[in-house]
Amino acid sequence: MSPRRGNGGRIDRTRTIRFTFDGRPMTGHAGDTLASALLAGGVSLFGRSFKYHRPRGLLSAGVEEPNALVTVLRGEVREPNIPATTTEIHDGFTAVSQNRFPSLDFDVGAVNGLAGPLISAGFYYKTFMGPVLGPLKGTRFWMICERFIRRAAGLGRAGLAPDTARYERMNAFCDVLVVGSGPAGLMAASTAADSGARVILAELEPRLGGSANWSAETIDGTPASEWSAEAVRDLAGRDNVRLLPRTTVWGYYDDNTIAALERVADHKPAPAKGEPRHRHWTIRSQKVVLATGAFERPLVFPGNDRPGVMLASAAERYAREFGVVTGDKAVLFVNNDGAYAAAAGLREAGGTIAAIVDMRAEISAEARAIAAAAGCEHLTGHAVVGTEGGKALSGVKVQRFDAATRRLSGEPRHLDADCLLVSGGWSPAIHLASQAGTAPRWDDGLQAFLPPAPTQAWLGAGAFNGRFSTAQALAEGISAGLTAAAGKGRPAVAPAVGNAAPFSEPAPVFEVPAKGKAFVDFQHDVTAEDVRLAHREGFVSVEHLKRYTTLGMATDQGKTSNVPGLAIMAETLGKPIPEVGTTRFRPPFAPVSIGALAAERFGDIKPERLTPMHDWHADNGATLYAAGLWLRPQIYGLSGETVDQAYVREARIVREAAGIVDVSTLGKIAVQGPDAAEFLDRVYTNMFSTLPVNKARYGLMLREDGFVMDDGTTWRLGEHDFLMTTTTANAGKVMQHLEYFLDVVWPDLRVHVTSVTDQWAGAAIGGPKAREILAACVTGTAVDNAAMPFMGIVKGDIAGAPVTICRLSFSGEMAFEVYCGAGHGTHVWEALIEAGKPYGLVPYGLEALGTLRIEKGHVTGAEIDGRTTAHDLHLDWMLSKKKPFIGSAMLGREGLVSDERLSLVGLIARDNRPLNGGAHVVDYPDEERPRYSLGHLTAACYSPALGKHIALALIRGGKARHGTRAYISDPLRKRFGEVEIVSHHFFDPEGTRLHG
Amino acid sequence: MLIPCPYCGPRDVSEFTYQGDAGRVRPDPASTDQAAWNAYVYDRTNPAGDHHEYWQHSGGCRSHLKVTRNTLSHRILDVAFARPSTAHASSRRQGPRP
Amino acid sequence: MVEMLSPLQPVWRPGSHGNFADGVGVVLSETQPGSIVQAAAWPGSERAVIAAIKTATGLSLPDGAGGGVATEAKAAFGFAPGRFLIVADDEGLADTLVQAIPISDGTVTDLSHGRTAIRIAGVKAEWVLQKFFAVDFSLPALPVGSGISTNHHDIFAQIQRTGPDRFDLYVFRSFARSFWKMLCHGCDEVGYEVR
């Protein structure tokens, strides 16, 4: 008979869904999870266990599932370790089982089960120490073995195909976030919404309603599921409520910042156009109502992991919500009354109960009545001590058991069974509260951890609080909703609950003391004996226990295993559970797709900064190079040219005729105000208050500790108006530095700093023909030596666009920086290119720019690396003695003026072969054993002006070594050779070219 | 973590840049007292508890804020503009909002 | 006068895009104002600067952080203590403000080329912006006229609500194209029109 029975459940039996599992075509109905559809299709074996490759079936019906993990395939993309219980099927859905070879039914890895004693707790720690005795001692033998062990032990395999799905991040703000939509959550949400609060209700299941969906109770006179459906409809119709089904709240961070993952499109054959597969929510809520319910716990007894052994509540859920009966010879094994509801549920859906085994001697009349109605054998004071069968359950062994003394007695007895429904009590889902707060509280009666006192703005309701009846959940929901909404509304009256489910505190027994492999953590294959072994080996702290045995560390994070594991640990230690303590829960509550965390920050949609002339560069053969977020031309290669050939050509033409380079990326900061000049005097090592209007000056900036921070030119555009330029890389850092001093150190200075990097396009045009080119296109001003002395600034027009021109040089040639509004950048650039054509002007890129500056010995970020002083860079001439400035008090410290410091020199390759930045300079001509580094190369190039391979370097002794020889050692790039140490001013040291 | 910027309202910590200990005292610029400069540049107290520190709202109004934060709980006890004269009405966000 | 070149030009695709079968959720446009200017007051001179802005533009800025006002041709809002962004269709506003605000009250900085103005309007405008910025865009939190400063990762943005369903974003020009592409990507889901 098919496990799908009758006409019950919340599935749409008129719609058949076709999907495949392990290549087999299967069907289910709309509303089915993969788990319920496979169960309905007669599948009982879902996967193989982590370590021992034992056959495993479904333990649960929800997010806590440790066993039934599958790999979902979407085209070439594999997503491993997805619980079948939380996955909805759709037409074309494809999943495969995992951790089995060659197939789920026949798995060679199962021999690991025989090797059990060898791979017990701490297996990895012991194993990967390597053999300490024998012929393999001290070898890497175990590193070879590791590859095979890792393949055998584990979960699903990640795919190699790139994930093409769309992911998205979203921010939300609300007054009240309700987590969980069971009766407590629904009441909290509607009460808060009634008070006018902005409410978000998040539910990890596709269907809101929580336990009302699989309850036999009535609420307000109607079946619970109908009551909840109506409550959801009402909430959905309100403007101040957002419902988030399929949304797992996974992290509770400071200041009520909540992380949640919405599975937007996984349940559809394909997402709608533009729709993300997953949406990550960051929710900032004034108050949070935690109505996350509770997880039923399994019991620990030999063979408790055999397919067919299932949580009682899961069986009830499959029966009532999906119309799937898990057995026609079901046996219940329980320590509390609540599980008797499962017997009723299974029977009402068409299943048959063979026996109820209750470890308690005394049980309530209510439970007794359910057992009597089921017409089954009722064994009180008994325990299951073993299970029988292979890949499916065929029977159980039971024995007389005294829950008070934990003693088994009498002879074991066989019961036929096709499923065994277990219940060891309930653990409130306190994960989020634990993340948000302190240690949870142990409740002896419920044998469970209850949420800690809140240290953040949350309230709990219902089973989360250990209030397990629906009536309590409804009442607490109302109260939490009202309090969370700051009590603005009138308290609603809780609706009446009929046909209430039975409930009792569980017997304080987690484990049946019988011989055999009894699992605590199903997903990581941790047995009760492993816990005791860890204790014997000295791991007595719960934190150590967890790490050593890996208990609770799998993808399910021990939702069903933490408390039983702790209880066994406590018993072993002979201490009460609260004294043993529990580990704090950490985010995530359930696995989160990495794609959703990365969202738009990958691939081609990472932000990039483009200069105003970017498109011209791209259209005119530039190879673009990422410098931070900026894209800058590296070279403008001619056809067939290598990068080296291109930059050498470009640099040569700059020195022979003229070149133009885009310098728009330089940081530009407007420094304005009556105290601007005074401020610059304090910020720069040199004087700026003496700088006349329409002149620029090169400035050097130190940090407070006396090291060089940045350099650049600053232009005085008016009495109170300066334009500071910074290096491209340091623009943001310098801006913050200035803002800090204005806000914190010198609040009395009337100065404003504003980033104007993007306001201006900048083009540097340099070379012997540069002035003639400018003269050919600039109107409104002369550009001769009288109008434009070195560091002079003029305003004029180029092709109708206003420009500001400053005569300054980075290349060492007669050069000008032409600034114009960024929106005119391409227009002005094209006019300059056009004007330069008769003079042989070429655009040049970063490589040539670097070459020209190395030839001149100008420093950049490669030398200003945060460890160099002005002295190291031979810029001490810029340190004013007339005034204090940032860093002036610290720069004279002993360590900063030592002769032993690395300082800037030039290097010339004696063997005329290329040098590389990062290579070391050594004294000894020993290529095989390089030693005693004198320093390192910061930048290197082929110099067309010198016809040599040259480099800048920071080396010990610096200037004192000019004229001597050393060796560069670059073993990674297999380069060793003799160099000559020279001044860093390789080319035109007198600066004659600069002045024309 | 949210920092309640007096101008912008509470914003996520990712919009802010930590700008150091607010307890340090910068010596007179002309001072050559190396011990005082050393203390200012390097010495930090690193308390387990309330700590005064500067945060710049670099992803917002760019103001530097003087924040008192408990280093154990991350609770923010006090926030003020670092620049004391920033007191005009146009510098205060009206009404509390998350 | 030379026209300002939009940084969005190569990626500017007028028309409907994304999931627009049932209508578009938002309309995206570049407003290309002639002037985008910052006025910044010294502490204590805020009222004087607000008054000068009114004289120069006729825009009357309300008190309070982020306070602002918008008309079809002009807009202004506070985005930082003592700092205001003033936007106008016409060019030359910076010069007018320099005349109106003496250095003793504050400074004027022309950002007309440095910021790109993007408008997002429509019933899904809040939803789309909420994807990018960790700021509450609901009407009570951000009333019409008011402005904020925030960022999306590296991209700094000043945003003014200029209507119940309309927002004007000012982003650094160098980031504008990248941001525009991200914005379009984020709008796919709701359907959008570029115009």
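## Helix α10 of chain A

In this predicted model, helix α10 of chain A runs over residues 470-484, and its 15 residues reach 20 Å from the first C-alpha to the last, which is close to the 21 Å expected at 1.5 Å a residue. Just after α10(A), the backbone at A486(A) adopts a positive phi of about 65°.

An α-helix has 3.6 residues a turn, so residues three or four places apart point the same way.

## Chain A as a whole

The chain that holds this helix has 996 residues, of which 56% count as buried, and its secondary structure comprises 23 helices and 51 strands. Along its principal axes, the C-alpha trace of chain A spans about 110 × 80 × 55 Å.

The contacts within chain A can also be described by their separation in sequence: among those between residues at least 6 apart, 66% join residues at least 24 apart.

## Contact between chains C and A

Where chain C meets chain A, the contact takes 39 residues from chain C and 40 residues from chain A. On the side of chain C that touches chain A, at least two residues each are supplied by β3 (35-41), β7 (106-110), α3 (125-132) and α4 (173-187) of chain C. The element that gives the most to this side is α4(C), with nine residues.

In composition, the residues of the side of chain C that touches chain A divide into 16 nonpolar, 14 polar and nine charged.

## The two domains of chain C

The domain assignment of chain C gives a domain 1 made of two segments, 12-32 and 114-194, and a domain 2 that covers 35-110. The C-alpha centres of these two domains of chain C lie 23 Å apart, and the domains meet through 12 residues of domain 1 that are in contact with 13 residues of domain 2.

On the side of domain 1 of chain C that touches domain 2 of chain C, the elements giving two or more residues are β8 (115-121), β9 (147-152), β10 (155-163) and β11 (166-172) of chain C. The residues of that side of domain 1 of chain C divide into three nonpolar, seven polar and two charged.

Conventions: Residues are numbered from 1 along each chain as its sequence is written. Chains are lettered from A and ligands numbered from 1 in the order in which they are written. This is a predicted model: local features need pLDDT of at least 70, side-chain atom pairs count only at pLDDT 80 or more; totals for chains, interfaces and linings use all residues. Two residues are in contact if their C-beta atoms, placed from the backbone, lie within 7 Å. Helices (H or I, at least four residues) and strands (E, at least two) are DSSP runs, numbered from the N terminus. Ala, Val, Leu, Ile, Met, Phe, Trp, Tyr, Cys and Pro count as nonpolar, Asp, Glu, Lys and Arg as charged, and the others, Gly among them, as polar. The expected span of a helix is 1.5 Å times one less than its number of residues. A residue is buried if 20 or more other C-beta atoms lie within 10 Å of its own, exposed if 12 or fewer, and partly exposed in between; C-beta atoms are placed from the backbone. Domain bounds come from an automatic or database domain assignment.
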